[in-house]
Amino acid sequence: MDFEVNYDVAVIGGGIAGVAAALQAARSGKKTVLVEKTILLGGLATSGLVYIYLPLCDGNGHQVTFGICEELIRKSIQYGPGDIPETWKQGKNAREEERFRCIFSPAAFMLALDEVVQNAGIDIWFDTLVCDAVVEGTRLTGAVVENESGRGILHAKRFVDASGSSILARRAGVPCLEADNYLSIWAIEYRKDANAEGQNLGKNVAVCACGAWANGETSMSDRELQRAGLTREQLRSAPYRGISGRKVSEFVLHTRNCLREHFLTAYESGKYDRKSNYALKLPVMPQFRKISCIQGEYVLRDNEHATFFEDSVGLLADWRKPGFVWEVPYRTLYPANRLGGLLAAGRCSAAAGDAWEVTRVIPSAAMTGQVAGLAAALSIDERVEPPDLNVAHLQKELRGLGFPLHLADVGL
Ligand SMILES: Cc1cc2nc3c(=O)[nH]c(=O)nc-3n(C[C@H](O)[C@H](O)[C@H](O)COP(=O)(O)OP(=O)(O)OC[C@H]3O[C@@H](n4cnc5c(N)ncnc54)[C@H](O)[C@@H]3O)c2cc1C
């Protein structure tokens, strides 16, 4: 090893969950490092060109998610376009665009995230890849990392896996759940007639989405599919899992083949040419919606919205359906095998099927990230492993940070 360093809390992955976890751990007084394999913060939300901060409210006028989640939605529009609709409080069965949400420029959000993380005194390690885990007995004690300085070990009292793919947990031998992905890509395009309204990012700047949808259907014609080297069957069966190196490359190439077709079709239609409609920015991370989450002590499952959990650590709105609100059990943030030293956040927290659709999005990443950061700090102070943390104490601290924990807390 070329180096060894020690921290209180090491957060793996600088996506929204990782940023929230690191912010909370640092604000709780812990020496915190945030490790990110790219040189940009925000993960899928920014590098992945996702540009919609989904709702913090239930669509019927109740805000359900607070704390760093709300801080970050405001940060997302600090240096760029996008507005939170002022009328969200009057909403009844509101459409997504009318809820407490906004669109944002991914690059503008990156600048704001740099600022907030530096202001919190977090050590940021960019361009650093976590490639292995050090497990001693029943505890995770280190992460093996690689960067320009060589290969080293990062020791920490607590780790938060916010990698989006549970890479640290998997390397530490934690059983994880996986999911298939359908083929789709979002990119930012120049389009001469895009106006600055609605879902566009400005005059002439739009986000285009192409490929297939959740049900495997696609807007691509047979001819386009053939030119993209794809079959309809491939789209229907969604055979892409992000935990295989080969599949990641396949997925990325196939999605970009679809994007090329998007432009070729536009040119062939005669409506646009290569100067009036072209790609401005491609995602720099694979746009898998789900990769791998930990097998938690509890796995949130389908139809558990509006379910009371004694150990709830916060509320999430279902972005697809107004009026559907989920309580999130603390047990979804640590592994069922109770490996010490480890918490999971964002896309890595334990959920399956429909529930994973709710826990994987930006507000949920911010919420579970903040809780994981706080649980990491409290478990250090109390000298217990995360599974043994006094949940009542965690909940009291969360209430102090403005979190509602149960539906009744927001009048539901
Ligand atoms: C096509 C698509 C559209 C979406 N649309 C929306 C939407 O409109 N609104 C919405 O709210 N959500 C949307 N989502 C989901 C949402 O953007 C993400 O799920 C959410 O941002 C995930 O946050 P995260 O922090 O959990 O993980 P990630 O964003 O995946 O962050 C993980 C971070 O960890 C880093 N990392 C990974 N491995 C390592 C390693 N080994 N070493 C060091 N660093 C590592 C990555 O580089 C990344 O920065 C969409 C997702 C997709 C794919």
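Predicted model: local features only at pLDDT ≥ 70, side-chain atom pairs only at ≥ 80, totals over all residues.
How many residues of the shell around the ligand are nonpolar, how many polar and how many charged? The shell divides into 19 nonpolar, ten polar and five charged residues.

**Stop 1: the ligand**

Select the ligand and the residues around it. There are 34 of them, and Glu36, Leu44, Ile52, Arg347 and Arg360 come nearest. At Ala17, a polar backbone atom is 2.9 Å from an oxygen atom of the ligand. At Val130, a polar backbone atom is 2.9 Å from a nitrogen atom of the ligand. At Arg360, a backbone N or O atom lies 2.4 Å from an oxygen atom of the ligand. Taken alone, the ligand exposes 1,000 Å², and the protein buries 97% of that.

Now colour the elements that contribute to the shell. Helix α1 (16-27), strand β6 (129-136) and helix α9 (362-381) each supply at least two residues. Which of the elements gives the most to the shell? The answer is α9, with three residues.

**Stop 2: helix α9**

Is α9 mostly covered or mostly open? It is mostly covered, since 19 of its 20 residues count as buried, that is, under 20% relative accessible area. Beyond the helix comes Arg383, whose phi is positive, near 55°.

**Stop 3: helix α8 and Thr359**

Select Thr359, which lies in helix α8 (residues 353-359). Thr359 counts as buried because its relative accessibility is 2%. Show what surrounds this residue: leaving out residues up to four places away in sequence, Thr359 touches Leu300, Leu316, Gly346, Ser349, Ala351, Ser364 and Ala365.

**Stop 4: helix α2**

Move to helix α2 (residues 68-76), where seven of the nine residues are buried. These are Ile68, Cys69, Glu70, Leu72, Ile73, Lys75 and Ser76. Which elements do they pack against? Show α1, β3 (52-53), β4 (102-103), α3 (106-119) and α9. Two of the names on that list, α1 and α9, also supply residues to the shell around the ligand.

**Stop 5: helix α7**

Select residues 245-268, which form helix α7. The helix has 24 residues and reaches 35 Å from its first C-alpha to its last, close to the 34 Å expected at 1.5 Å a residue. Colour its buried residues: Lys247, Phe251, Val252, His254, Thr255, Asn257, Cys258, Leu259, Glu261, Phe263 and Ala266. While looking at their spacing, keep one general point in mind. An α-helix has 3.6 residues a turn, so residues three or four places apart point the same way.

The partners come next. The buried residues of α7 pack against strands β10 (184-191), β11 (205-211) and β12 (277-281), and against helices α5 (222-227) and α6 (232-237). After α7 comes Gly270, with a positive phi near 85°.

**Stop 6: two residues with positive phi**

Select Leu49, in the loop between β2 (32-35) and β3. Its phi is positive, about 60°, although Leu49 is not a glycine. Leu49 is buried, because its relative accessible area is 1%. Then select Ala306, in the loop between β13 (292-294) and β14 (312-317). Phi of Ala306 is also positive, near 60°, and this residue too is not a glycine.

**Stop 7: Ser292**

Is Ser292 buried or exposed? At 0% relative accessibility, Ser292 counts as buried. Its side chain reaches the backbone oxygen of Leu177 at 3.5 Å. Among the residues that Ser292 touches are Gly164, Arg170, Glu178, Ile243, Cys348 and Trp356. Arg347 is another, and Arg347 is also one of the residues that come nearest to the ligand.

**Stop 8: Met1**

End at Met1, in the segment before β1 (3-12). Met1 counts as exposed because its relative accessibility is 57%. Leaving out residues up to four places away in sequence, Met1 touches Val144, Arg151, Gly152 and Ile153.

Key: Residues numbered from 1 in each chain as written. Heavy atoms only, no water. Helix = DSSP H or I, 4+ residues; strand = E, 2+ residues; numbered from the N terminus. Expected span 1.5 Å × (residues − 1). Buried < 20%, exposed > 50% of the residue type's maximum accessible area, 1.4 Å probe, protein only. Contact = heavy atoms within 4.5 Å. Near = heavy atom within 4 Å. Polar contact = N/O pair within 3.5 Å; in protein donor to acceptor, adjacent residues only side chain to side chain. Areas by Shrake-Rupley, 256 points an atom, 1.4 Å probe, with all protein chains shown as cover. Nonpolar A, V, L, I, M, F, W, Y, C, P; charged D, E, K, R; others polar.
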